[in-house]
Structure formats: structure tokens, C-alpha cells
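Student: I would like to go through the salt bridges and the cavities here. Where do we start?

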Amino acid sequence: MLIRRQEKYQLKEHQLTSEVNYQRRRLLQGLALSTAAASTGASAFLGLGDKTPPLAKRQALQAKATGEGDYLALTPEVKILNYNNFYEFGTDKGDPRRYAQDLVTNPWQVKIQGEVHQSKTLNYEDLFRQFPLEERFYRLRCVEAWAMNIPWIGFPLAALLKSVRPTMNAKYVGFQTLYDPKQMRGQASWRIGGGINYPYQEGLTIAEAMHPLTLIAVGLYGKTLAPQNGAPLRLVVPWKYGFKSIKSIVSIDLLEKQPETTWNQLAKDEYGFYANVNPHVDHPRWSQSTERFIGEGNLFSAKRQATLMFNGYAQQVADLYQGLDLRKNY
Ligand SMILES: Nc1nc2c(c(=O)[nH]1)N[C@H]1C(S)=C(S)[C@@H](COP(=O)(O)O)O[C@H]1N2
Ligand SMILES: [Mo]
């Protein structure tokens, strides 16, 4: 986000056919999903030819369709899998796709601890069976002014938090991504990792964390997450800029004090703790009033659309910020 790069990808129309309606019907029927579609055209997308490693295998997931976001035109899966921010693997949009495929996501452990009566550790399998899985279509808005619509599978973070019984002192929730420089080349190199002081960390107020829209995602497009999207579990907070939605989480801490967060530490005047999507508060270096929606078609023809207050979720979340000056608390 501090480093600007020209995108050189050329996409061909035939590679980008969204298979969503087909997939969605399959999901509702409880059938296994096709894995072929997502890999089609990936190497062409990246302009890497044969050097692109095969995509990590993803398992089909069953989830209850909630109808949340059903009106959204989804971003094709191939773009969700190939255009990413995951600085642990490099700052180029294609780097997570290129360099994350060997990330060991199973076995996995995530600890939920701190101001709780009953801390717990979830293992890989627990992620898919302790809480009922739901499918929700959400808008995702990156602070860099691009946007996607993504069909997530996951469970409300609130369900997990309630299960550990927070104490009265729990005012914030902090999250950390895996720290493993052997697997994550950006953690082993200041230059490749974009100058971030790893591990990547994020935070929410307890009210934000308990909000029913706040999701722990374990899948998308009917399958477990790809490593580049934050397998095996990541946060999704749809009314906030994408950098809040931390990937590949290993610890969730209930805290009395507001935690430090990665992008805020890196550039305080550009990235706040709240990071609510807001068309009226510009980034110091660019406008936030419009966004480039990544849908069908090539990246250059991506259409500009208006940015929505709280990314379109104002009705559900505006109450959380009553009395807060959103210009100061950006
Ligand atoms: N650990 C970690 N989480 C991260 C990031 C990152 O660099 N590292 N990038 C964030 C940003 S800026 C965005 S926009 C989203 C992108 O998610 P996606 O690549 O799955 O679309 O992930 C967020 N989560
Ligand atoms: Mo982002």
C-alpha cells in the first residue's frame, strides 16, 4: 500500500467467465464443486507462463446459504485467487499466488486467550466443525481503492468469542498472523515484505468483534481458502478497509487496551485503527470517493463506482460509531 506498482496483467475475456451461478446452485444442492474453473487462465493472468506453481488443493465445504449479499454481482474466482494483498509473500499483487502455494495450513493451531474465562486452542479440523458454517456474499474494499464481491464461507467471530466467555475487562480483540520466515519470504526480507515489522497484527473493539457481520472465514466459492486468501482462517470485516481483514491467524487475544496494528504502526496518518470505509475521508495520497470494481472483464476496464459509507453496511454498523468523529478516528 506504500509501494505503488503498475499492474501489467492482461486478461482475456474467455478466461474470466464467472461460474458463480453454476457453483451456487451446486452448493445449495450439496454437491461437490468443480476445482477446474479456478485454475483456468491463472498463469496467463499473472503473465508467468510455466513458472506459476499449481494451486494448492482446496476441499469442498458445505455451508448454510444465509442470503446475505445475494444481490451482489460476484467477482470471478480466478481474480480473487490471483490479485491479492498478503505482504508476507511479497508486495506485488501476483506474489501471494506465486509464493504462497506451499504454505502448510494443515495442521494448524489458533489460540484464543487473554481476558477470557476459558481460553482454547482450535486445531485445523475444529475450524470446520465447531461452529455451523454459513455462506455470505460480502463487498471487500481495499484502502487502495479497488473492490471485489466475495462469496465467503465461515462463522461469526461472535460465536467463537462467546465460547471462551470474555471477562468484563475484554474491551478489544487483537489478532496475529503466523510468523514463519522460512515459509513466508516477505518475513525474511525487509524489502520483499514491504518494510513491515512482522508478525502482521490487527485489532477491533469488542463491539466490532461481536457484531454479527464480523466473520471468521474458512472458505470462499464453496471451498476451503487458498493460502493466498489467508488459509486456513482469516478475519472478514466488510465495512472496514481490507487491511483489517487479517489472514492466516494463529492467535486471537481478548485485551483490556487497544492493540497496536500493523498499518497504523507503519504510517499513522494514513491508516487508522478504525479504518471504516468512508467516501468523505480521503487517504492523504488519493481520493476515497470512488473505487475500481474488479468484476468481469480485464483489469483496465474495471469499472469505477461510488464508494459507499461503511462500504454499504451503514444500516447495520453506523450505531457502533455514534458520537465518534470519523475524520479524527479514521
Ligand atoms: N497477514 C496479512 N493479512 C492481510 C494482508 C497482509 O498483507 N497480510 N493484506 C490485507 C489487505 S491490504 C487486503 S485488501 C486483504 C486482501 O484480501 P484478499 O487478497 O483475500 O482479497 O487482506 C488483508 N489481510
Ligand atoms: Mo487492502
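Tutor: A salt bridge here is a side-chain nitrogen of Lys or Arg within 4 Å of a carboxyl oxygen of Asp or Glu. The model is a predicted one.

Student: How many salt bridges does a search of the whole structure find?
Tutor: The search covers the whole structure and applies that cut-off of 4 Å. The number of salt bridges found is 13.

Student: Which residue forms a salt bridge with Glu77?
Tutor: Glu77 belongs to helix 4, and its partner lies in the loop between helix 3 and strand 1, 19 residues apart. The closest N and O atoms of the pair are 2.8 Å apart. The partner is Arg58.

Student: What is the volume of the largest cavity?
Tutor: The search finds two cavities of 30 Å³ or more. The largest cavity has a volume of about 340 Å³.

Student: Which strand gives the largest share of the lining of the largest cavity?
Tutor: The lining has 25 residues, with Asn85, Phe86, Arg234, Gly242 and Lys247 the closest to the centre. They divide into 16 nonpolar, six polar and three charged. The largest share is four residues, from strand 5.

Technical notes
Residues are numbered from 1 along each chain as its sequence is written. Chains are lettered from A and ligands numbered from 1 in the order in which they are written. This is a predicted model: local features need pLDDT of at least 70, side-chain atom pairs count only at pLDDT 80 or more; totals for chains, interfaces and linings use all residues. Side-chain values use heavy atoms; hydrogens and water are left out. On a 1 Å grid over the protein atoms alone, a cavity is a set of points where a 1.4 Å probe fits but cannot get out, and a pocket is an open set with protein on both sides within 12 Å along at least five of seven lines; lining residues have an atom within 4 Å of a point. Grid points are joined across faces, edges and corners, and a volume is the space filled by probe spheres set on the points. Helices (H or I, at least four residues) and strands (E, at least two) are DSSP runs, numbered from the N terminus. Ala, Val, Leu, Ile, Met, Phe, Trp, Tyr, Cys and Pro count as nonpolar, Asp, Glu, Lys and Arg as charged, and the others, Gly among them, as polar.
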